[in-house]
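Me: I am new to this structure. Please show me how to read its features, one at a time.

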Amino acid sequence: MSFKTILVHLDHSERSAARAALAARWARAHESHLVGLVPTGLRDGVIPADAVATGMTDFIAESADYLRRRAEAISREFRQSISAAGSLSYEVRLVEGATIDAVVQHGRASDLVVLGQDDASNAMDIPLHGLAGHVLMEVGQPVLIVPSAGQFESVPRNAVVAWNGSREAAVALHAALPALRRASSVTLASFRRPKEEDDDRQPSGADMLRFLSRHGIQATFERNVTGIDIADALLSRVAELGADLLVMGGYGHSRLRELILGGVTRQILAQMTVPVLTAH
């Protein structure tokens, strides 16, 4: 498996440029084709209150024109940033559909979808929340979520994989193999409660290390016992190891746009400090 096509969601938020730059670095490192997806926002139904002057005779037409002009500006900035950084196979897709639908539709024709963490910096202007969670549950491809704060100037070299032997953890681990091959350090970290027994129905740590070794990945396996929330323990371990990528399974479901995420997934998406590569 490799990331032959990487799709990045672009918008007018403050972090869009940082997200695009990270996606471009991954695309160059993996020799991928990069797709910049720019939904106009028209089908999402909300625009800034002061975007269209009062008294306009055709508010809907003026709103659509404003949103398209804004999307075109985002597209130009993306093209300029790619050109300034050097050669890369890429394209821009400006689409009118609802953002979740557009990202899911185009993401299914990609190997990796790059999204941003929910960001309140443009709270008056961004009506769409929970995009990463919805896409994770629906797209059927791995998702790389970029934190709303921090700088990530290089492809990951120190990765932590949250491992509990579950289907979701296995799917995420397999999806992350191209990124893990490029890492200098890979740690599989498992967590359990005090007095909780290891599940002998799951692959052993030795089995997983041998599996990764066959893929050219030298990793270590550690078992952690914690009395605090698993999400807090995992994020603490990520910080202690100086990791710059977290790989974890995505737990939950999405039905008729009702998003229900598992507790650990929800906490990580809210509190993440490094990019998270996840899959459901």
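Reply: Start with a rule for aromatic rings. Rings of Phe, Tyr and Trp pair if their centres lie within 6.5 Å. This is a predicted model.

Me: How many aromatic pairs does the rule give?

Reply: The count is two aromatic pairs.

Me: How is a pair of aromatic rings described?

Reply: By the distance of the centres and the angle of the planes. Take F3 and W26: their ring centres are 6.2 Å apart and their planes stand at 40 degrees, so the pair is tilted. Distant parts of the chain are linked here, with F3 in the segment before β1 and W26 in helix α1, 23 residues apart.

Me: Are F3 and W26 buried or exposed?

Reply: Both F3 and W26 are buried.

Me: What about the rings of F78 and Y90?

Reply: Their centres are 5.9 Å apart, with planes at 80 degrees, so this pair is edge-to-face. F78 sits in helix α2 and Y90 in strand β3, twelve residues apart. F78 is buried, at 4% relative accessible area. Y90 is partly exposed, at 27%.

Me: In which order do the strands form the sheet?

Reply: Ten strands form an open, mixed sheet: β3-β2-β1-β4-β5-β12-β9-β6-β7-β8. Its edge strands, β3 and β8, each pair on one side only. From one strand to the next, the twist averages 25 degrees.

Me: How many bridges join β2 to β3?

Reply: Six, and the two strands run parallel. V38 has L94 in β3 as its bridge partner.

Me: Which strands does helix α7 touch?

Reply: Helix α7 packs on the sheet, touching β7 and β8. Its direction makes about 155 degrees with that of β8.

How values were computed: Residues are numbered from 1 along each chain as its sequence is written. This is a predicted model: local features need pLDDT of at least 70, side-chain atom pairs count only at pLDDT 80 or more; totals for chains, interfaces and linings use all residues. Side-chain values use heavy atoms; hydrogens and water are left out. Rings of Phe, Tyr and Trp (its six-membered ring) pair if their centres lie within 6.5 Å; planes under 30 degrees apart count as stacked, over 60 as edge-to-face and the rest as tilted. Helices (H or I, at least four residues) and strands (E, at least two) are DSSP runs, numbered from the N terminus. Buried means under 20% relative accessible area, exposed over 50%, partly exposed in between (1.4 Å probe, protein chains only). Two strands pair if DSSP finds at least two bridges between them. Axes are lines fitted to C-alpha atoms, for helices over the stretch in contact, and angles run from 0 to 180 degrees between N-to-C directions. Contact means heavy atoms within 4.5 Å.
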